[in-house]
Amino acid sequence: MLRRVLVVVGFLTTAVGAFLDRRGLGSWTLERRLDAWTVGVIVLAALAGLLALAGRRSGAELDPGRAGSRRVRVAGTALGTLALVGVVAVLVVAVGTGLPGPSLAVLTVGSGLLALVGVVGGFVDGPARAARPLVVGLTAVGAALLVVGACGVAVRLVVQAPVQAWSAVPASAVVVPAPVPTRPTGVAWTWTALDGVRDVQAAGPGVVVADDSGVTALDGPTGEPRWGFHRDGAALQAMAVSPDGRSVVLAHGSTGYGDDEAGLATVLDAATGARLAEFAFDDPGRALVLTDRIVVDPRPIPGPDDDPRTEYTALDLRTGEERWRWVSPAGCLQFALYATSTRTTIPVAAGCGDRVIVTGLDEESGRERWRTDAGPGEGSTTVALRATADGTAVVALGTRPFPLIDTTDGSVRTRITGGYPQLDEGEPRLGEDGVEGSDRRLDGTPLPPAPCAEPTTVVVGSVIAVCRGEGGSSATVDGGPPILLARISTGGPALEALDAGVRVVPAPGAVVVAGTSQAAPVVQGLT
């Protein structure tokens, strides 16, 4: 009787697990090796469980010596053993992707239970006794409760297994970020990134430094590590910080066995590293688009090639729950989204006829708050939106003159002529990549000359230019005397559309300088 109860509970648990959240493993498809292996193991476990039942007949005595009975028991034991090995193998491989969800944990418990019943059924035999309904019911309830408890523990262990997270800051700590230095005078601290640097962004009371699998947060004034978050086995493919600097969003993708078009988004508190939300995210290699409250997941809608449309799904940054959906209008070509952090609205650019139309979607409702004609398009694939560092405006790249559009009401602050907008960090400025002396403020005022041909420049009231050369690296403030820096390593891969090279980031408490590199680069804080 217990055997029958366990088999039924095992089947039900496995069925439930198949429909639960798979997180970064994506939707089911037998074309992916991991999914094919998982289904194969489930089938083996189910057969083992059924063979365990076939070896005895309810209410009848078994003859252990019958050849048929022996064959059934041996087959059940063999399949159960093979299934148990498969369950462990699938679990190890899936956890190794860094992206498992509750579905994997519950499937492991259900199929493992079926396989175990198949194995034990080959060794435990005897007469099948009829049981009273009350006994059957109590046994079923007890078994179900035990399995539910096992599933709860398994979900916690499996989802947490790839995560390496730590924090030196109490979760209840109240953090007040220091002001951004506008005229740094020297190097206050250095920190060596042993796992490399792929990006640096201001967040919370300092910066977050991204490597291949996660991030480390550094305190701005001191450079001390505050917290870290990494996913073993997964690849960090995108990172963004909300405009208010309070939330850090990481998008991890598969490195082999997972779904290349699915990933896992994790929202972290920028001050403490506390995990605020975690949810599946389509195409994690795509740039993240967010406000202080939501992150947007755009998905192409299948349809005719001459009328591509996109559905935008807004997910709450704190819970991962869907807030709203918006579908792009028919007859307009949706352009690619760059990493964009904006305040109060989600800007979307589309080519409608020969014009570029930018629409602002309200972060709370998804309704169109404003629509702005950005100007004539220069090509069907060349338009993209770039946000200013403070998230209050976007520039439509691909239509000239470049409009600088306010994200609150859609008004055009100015139309930029005579230069290319530089919006990476600090105040917006103009310049042409690789053209010496082309950098200037938006009003056309030239920036002070730098002591090298191709500096990395930011404007934070003063103009900070960082130069890297064979003889060493240095920074100047408003063209003043050089501040000597440690050697800046470059050459490693950067995140998203960022160019590999030097990053100069105005952050609370320090202006942080680093190079995208895998060779243990030094991160430096200027104050």
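Student: Where is the place of Pro-401?
Tutor: Pro-401 sits in the loop between β21 and β22. The model is predicted, with local features needing pLDDT of at least 70 and side-chain atom pairs pLDDT 80 or more, while totals for chains, interfaces and linings use all residues. Residues are numbered from 1 along each chain as its sequence is written, and side-chain values use heavy atoms, without hydrogens and water.

Student: What is the omega of the peptide bond that joins Arg-400 and Pro-401?
Tutor: Omega is about -5 degrees, and the bond is cis. Most peptide bonds are trans.

Student: What makes β21 and β22 strands that pair?
Tutor: A strand is a DSSP run of E with at least two residues, just as a helix is a run of H or I with at least four, both numbered from the N terminus. β21 covers residues 393-397 and β22 residues 402-406. Pairing requires at least two bridges found by DSSP; β21 and β22 have three, in the antiparallel sense, so they count as paired. Val-395 stands opposite Leu-404 in β22.

Student: Which strands form the open sheet, and in what order?
Tutor: The order is β20-β21-β22-β23, with antiparallel pairing. β20 (384-387) and β23 (412-416) are called edge strands because each pairs on one side only.

Student: Why is Thr-344 called partly exposed?
Tutor: Its relative accessible area is 27%. Buried means under 20%, exposed over 50%, and partly exposed in between (1.4 Å probe, protein chains only); Thr-344 therefore falls in the middle class. Thr-344 is in the loop between β16 (340-341) and β17 (345-352), and its phi is positive, near 70 degrees.

Student: Why does Asp-478 count as partly exposed?
Tutor: Asp-478 has 32% relative accessibility, so the label is partly exposed. Asp-478 lies in the loop between β29 (472-477) and β30 (483-485), with a positive phi near 55 degrees. Most residues other than glycine have a negative phi.

Student: How do you know what span is expected of helix α2?
Tutor: The expected span is 1.5 Å times one less than the number of residues. α2 (residues 33-54) has 22 residues, for which 32 Å is expected. From first C-alpha to last, α2 reaches 31 Å, close to that value.

Student: Which residues of α2 are buried?
Tutor: Among them are Leu-34, Thr-38, Val-41, Ile-42, Ala-45 and Gly-49.
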